[in-house]
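Visitor: I would like a close look at one part of this model. Please pick a helix and place it in its chain.

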Amino acid sequence: MQKGDILISEAFLEPKFILFKAYCEEQQIFYLKDINRELIEQFAEVKGIGGVKMAAIIERLAGPVGNLQLELLDISQLKKK
């Protein structure tokens, strides 16, 4: 199994990611390979999502199970709360 074929629900098991998992399900995104910059930027605009949560998500995506490269995301442009 390739990293991109991992389910989002498996890669983000911790409770702190519950809003991100729910958002992905609402958007009909189920696999890591389907997460793109646009999805991340839209999620950053959701009420209650701050810099700490976004940093944790980006760190997880860039980590061992990630399929995104950090240069795809301009962290300074994401909404800060």
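Guide: Accessible areas here come from the Shrake-Rupley method with a 1.4 Å probe, and for residues only the protein chains shown count as cover. On that basis the accessible surface of the chain is about 5,300 Å², with 55% of it belonging to carbon and sulfur atoms. This is a predicted model: local features need pLDDT of at least 70, side-chain atom pairs count only at pLDDT 80 or more, and totals for chains, interfaces and linings use all residues. Residues are numbered from 1 along each chain as its sequence is written, and side-chain values use heavy atoms, leaving out hydrogens and water.

The chain holds four helices and zero strands. Helices are DSSP runs (H or I, at least four residues), strands likewise (E, at least two), numbered from the N terminus.

Now take H4, residues 51-62. Its 12 residues reach 16 Å from first C-alpha to last, close to the expected 16 Å. That expected span is 1.5 Å times one less than the number of residues.

Which residues of H4 are buried? They are Met-54, Ala-56, Ile-57, Ile-58 and Leu-61. Buried means under 20% relative accessible area (1.4 Å probe, protein chains only). Their cover includes helix H2 (18-26) and helix H3 (37-44).

Ile-57 also belongs to the largest nonpolar core, which has 20 residues. Such a core is a set of buried Ala, Val, Leu, Ile, Met, Phe, Trp, Tyr and Cys residues joined through side-chain atoms within 4.5 Å. Ile-57 is among the residues with the most contacts inside this core, as are Ile-8, Phe-12, Phe-20, Leu-32 and Ile-35. Contact means heavy atoms within 4.5 Å. H1 (8-11), H2, H3 and H4 each supply at least two core residues.

Notes:
Buried means under 20% relative accessible area, exposed over 50%, partly exposed in between (1.4 Å probe, protein chains only).
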